[in-house]
Amino acid sequence: MNIENQVLGLIKLSEYIKEYLAKNTEDDNGTDTEFELLLKRSEIENPWFTIDNQKFALNEWANLLTQENINNWIRNYSVSKISKRVGLILAGNIPLVGFHDVISVVLSGHIPLIKLSSKDKLMVPFLLKKWNEFSGGAVQFEFVERLENFDAVIATGSNNTARYLEYYFKNHLSIIRKNRTSAAVLKGDETPEELQLLAEDIFRYFGLGCRNVTRVFIPEDFVIDRLFESFVGFQDIINHHKYANNYDYNRAVYLLNQDKFWDNNFVMMKEDEKLFSPLSVINFSRYSSLEEVENFIAENEENIQCIVAKEELGLDSIPFGEAQHPSLDTYADNVDTMKFLEVV
């Protein structure tokens, strides 16, 4: 019965979010509801969490949490008959990035012990409280400052943090996630509309997520200006002070080092083999054969979250514009969280 109430609560949570977003769309000034005040507080505490990006994340969750989607997801897994305590160390690079782990633990029959990121400490508690209300009290969870008395742990951090976490939790069942990023492969005949969708994969959340594209592979004869033309819809990003600070800093470094780069006054493109690029910079390389790209992907598999490309290239990829629309059965670091929770 608990799982049924929990699922029903998630569906009601989805409707609650949709109702808020619909009302707020009708009135651009918004209303100082509890929800609206929460979004404003979140942006004040973490300027990367703009109202627009928070609403984007909320809308994604509202669209995901339908009865059909939830049932199609959880029917592939078994619910534990004995509730275990699963520690969660959440990331805070983009809004609600840890919410999937929380939902996974609850729907697998366990109790999440949640250590919130200092960068995202308001929205997850708010949504969990609402979910519990809509479920009739069927959702158990705890917020903690330090993990103690737990049976397993799922932690997300930087590569440096991950080394510490792997040592600290070496005697526990665990998933320890590290830095990842995403890449795009262009065939060369992409339409302006497809390249505009790629821009969404690059710039949404300021490029801070593991599903954001930071490296682009282009054919040898591809004209860089085509990409810059497709980026125009995101030119206002430079008005965000933290993003602008990164742009100014990286541009100054490239100029001082006399590095070659392309610039359109709000993002730079640099010919560089590195998978990860600094904020406000997109690394790119030209390829003569698709085999070169496939070899790079294979060699860097553990650092790549997803590849964005046209289906006809034959890569294990997703379409342009879909990087920030993962499904419920899309897992961080491509590790099946629900399968892990079955054996806790």
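Reader: How many helices and strands does the protein have?

Author: The protein has 12 helices and 11 strands. Helices (H or I, at least four residues) and strands (E, at least two) are DSSP runs, numbered from the N terminus. This is a predicted model, in which local features need pLDDT of at least 70 and side-chain atom pairs count only at pLDDT 80 or more, while totals for chains, interfaces and linings use all residues. Residues are numbered from 1 along each chain as its sequence is written, and side-chain values use heavy atoms, with hydrogens and water left out.

Reader: What radius of gyration does the protein have, and what would a compact globule have?

Author: The radius of gyration is taken over C-alpha atoms, and the globule rule is 2.2 Å times the number of residues to the power 0.38. For 344 residues, a compact globule would have a value near 20 Å, and the 21 Å of the protein agrees with that. Along the principal axes, the C-alpha atoms fill a box of roughly 60 × 50 × 40 Å.

Reader: Which strands form the open sheet with parallel pairing?

Author: Two strands pair if DSSP finds at least two bridges between them. Here 5 strands form an open sheet in the order S3-S2-S1-S4-S5, with parallel pairing. Its edge strands, each pairing on one side only, are S3 (142-143) and S5 (173-177). Within the sheet, S1 (residues 85-89) and S4 (residues 152-156) are paired over 4 bridges, and Val-86 has Ala-152 of S4 as its bridge partner.

Reader: Where does helix H7 lie?

Author: Axes are lines fitted to C-alpha atoms, for helices over the stretch in contact, and angles run from 0 to 180 degrees between N-to-C directions. Helix H7 (residues 159-168) lies across S1, S4 and S5, and runs at about 175° to S5.

Reader: In what order do the strands of the open sheet with mixed pairing run?

Author: That sheet has 6 strands in the order S8-S9-S10-S7-S6-S11. S8 and S11 (304-309) are its edge strands. S8 (residues 262-263) and S9 (residues 268-271) pair in the antiparallel sense over 2 bridges, with Met-268 of S9 as the bridge partner of Asp-263. Their hairpin has 4 residues between the strands, and Asn-265 takes a positive phi near 80° there. By contrast, S9 and S10 (residues 281-287) pair in the parallel sense over 4 bridges. S6 (residues 181-185) and S7 (residues 213-219) also run parallel, joined by 4 bridges.

Reader: What describes two packed helices?

Author: The angle between their axes and the distance between the axes describe them. H2 (residues 34-45) and H3 (residues 51-64) pack at about 125°, with axes 9 Å apart. That makes H2 oblique to H3; angles under 35 degrees count as roughly parallel, over 145 as roughly antiparallel, 65 to 115 as roughly perpendicular and the rest as oblique.

Reader: At what angle do H2 and H6 cross?

Author: The axes of H2 and H6 (residues 123-134) come within 10 Å and cross at roughly 160°. The two helices are therefore roughly antiparallel to each other. Contact (heavy atoms within 4.5 Å) is made by residues including Phe-35 and Leu-38 of H2 and Phe-126 and Leu-127 of H6.
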